[in-house]
Amino acid sequence: MAEVARLGIDIGGTMIKAVGGRGARDRPGGILDLEAARRLEVPTPTTRGGLIDAVSGLIESLGGGEGPVGVASPGLAGRDNRSIHWMRGRLSAVEGLDWSAALGREAAVLNDAHAATLGEAWAGAAAGRSDVVMLTLGTGVGGGVICGGRLLQGATGRAGHLGHITLDLDGERDIVNTPGSLEDWVGNHTVAARTGFGSTSELVAAVGRGEPAAEAHWDRTLHALACGVGSLINAFDPEVVVLGGGIAQAGEAALFGPLAEKLAEVEWRPTGSGVPVVPAELGPWAGAVGAARFAETEFGV
């Protein structure tokens, strides 16, 4: 298999992850062999100069030469995919940072959840699929959509923020002003208020012990998730739905099996069969892998 120079960077709130190098090979069909790629990570600086130095150091360590690099980050990517044009909070230093100029090489920039979706569609749970919906279930609910083989970014980069769809029109408004959102119904950030348990993992553990209150709360959460997934299936008609993030690690018995039963009750199935809902495979490296893929497609390498 031919060696190629692949470089993907995923800037997270606590760590920057990098994947690639000239030893990153293909499996059959042009799919990245992640095990053959080098994987590095360093703590995330909070200043713009620190970010540039950290990313430059990772690229040098990967021996990336002069080829393009993909950069994933929280926030909304600009229409030209050269920078994140909107980001607030701890990583505000990325806002407006032109990575091509900063690194002195071609750089393609995209949202981190979009990158994770690309990663799973290229080398993970949805490899070889052209129509994919991914949800990342963690503190909040993120995601991404691939339609006809192309990542859906939208006019301002908001596309794929799937947690911000309304499940309850009379519900409280979430952080982007959406009433009764999927994110607030299933995200870990509201689990204490919704259930009285400190975290989703604590809730799932109590379900495993057979505690009736926990079972009732978890059943309600799964019903909300099924309604959200069913709505997204109606909107995008994917071949597969991928679930990633911490909550998705609850496993087959606690999450995927019961969720399939809930979906059987609410999913529109004109062909007689449901859309597979599968766990993500790339874990914390999905964003870096997807960023590398995005750079390849943007610059035709």
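Predicted model: local features only at pLDDT ≥ 70, side-chain atom pairs only at ≥ 80, totals over all residues.

Me: Okay, what volume does the largest pocket have?

Reply: The largest pocket comes out at about 1,500 Å³.

Me: And which residues lie nearest its centre?

Reply: Asp112, Ala113, Thr136, Val141 and Gly142 lie nearest the centre of the largest pocket, out of a lining of 47 residues.

Me: Which element gives the most to that lining?

Reply: That's α3, with four residues in the lining of the largest pocket. Elements that supply at least two residues each include β1 (3-11), β2 (15-27), β9 (132-137), β10 (141-147) and α9 (286-299).

Me: How does the lining of the largest pocket divide into nonpolar, polar and charged?

Reply: For the largest pocket, the lining has 19 nonpolar, 20 polar and eight charged residues.

Me: What about enclosed space? How many cavities of 30 Å³ or more does a search find?

Reply: Searching the whole structure turns up two cavities of 30 Å³ or more. The largest cavity has a volume of about 40 Å³.

Me: What lines the largest cavity?

Reply: Leu137, Val186, Trp218, Thr221, Leu222, Leu225, Ile247 and Leu255 do. Helix α7 gives the most to that lining, with four residues. By class, the largest cavity's lining has seven nonpolar residues, one polar and no charged ones.

Me: Leu225 makes me think of the core. Which residues have the most contacts inside the largest nonpolar core?

Reply: Leu135, Leu225 and Leu243 have the most contacts inside the largest nonpolar core, which has 34 residues. The elements giving two or more residues to this core are β9, β10, α4 (182-186), α6 (200-208), α7 (212-236), β12 and α8 (251-266). The largest share, nine residues, comes from α7.

Me: What is Leu135 in contact with, leaving aside neighbours within four places in sequence?

Reply: Leu135 is in contact with Val141, Gly142, Gly143, Leu162, Leu225, Val229, Leu232, Val242, Leu243 and Gly244.

Me: Switching topic. How many disulfides does a search of the whole structure find?

Reply: Zero disulfides in the whole structure.

Me: Now some single residues. Where is Ser181 placed, and is Ser181 buried or exposed?

Reply: Ser181 is in the loop between β11 (150-151) and α4. Its relative accessible area is 0%, so Ser181 counts as buried. Not counting residues up to four places away in sequence, Ser181 touches Gly163, His164, Ile165, Thr166, Leu167 and Asp174.

Me: I also want to check backbone angles. What is phi of Asn177 near?

Reply: Phi of Asn177 is near 85°, a positive value in a residue other than glycine. Asn177 is found in the loop between β11 and α4, and is partly exposed, with a relative accessible area of 49%.

Me: And what about phi of Asp237?

Reply: Asp237 has a positive phi of about 50°, although it is not a glycine. Asp237 is placed in the loop between α7 and β12. With a relative accessible area of 59%, Asp237 is exposed because the cut-off for that is over 50%.

Me: Last one: which helix holds Phe294?

Reply: Phe294 is in helix α9 and is buried, with a relative accessible area of 4%. Leaving out residues up to four places away in sequence, Phe294 touches Asn81, Ala108, Val109, Leu110, Leu118 and Gln153.

Me: How many Å apart in space are Phe294 and Val242?

Reply: Phe294 and Val242 are 19 Å apart from C-alpha to C-alpha, and 52 residues apart in sequence.

Methods. Residues numbered from 1 in each chain as written. Heavy atoms only, no water. Disulfide = S-S within 2.5 Å. 1 Å grid on protein atoms, 1.4 Å probe; cavity = no way out; pocket = protein on both sides within 12 Å on 5 of 7 lines; lining within 4 Å. Points joined across faces, edges and corners; volume = space filled by probe spheres on them. Nonpolar A, V, L, I, M, F, W, Y, C, P; charged D, E, K, R; others polar. Core = buried A, V, L, I, M, F, W, Y, C linked by side-chain atoms within 4.5 Å. Buried < 20%, exposed > 50% of the residue type's maximum accessible area, 1.4 Å probe, protein only. Contact = heavy atoms within 4.5 Å.
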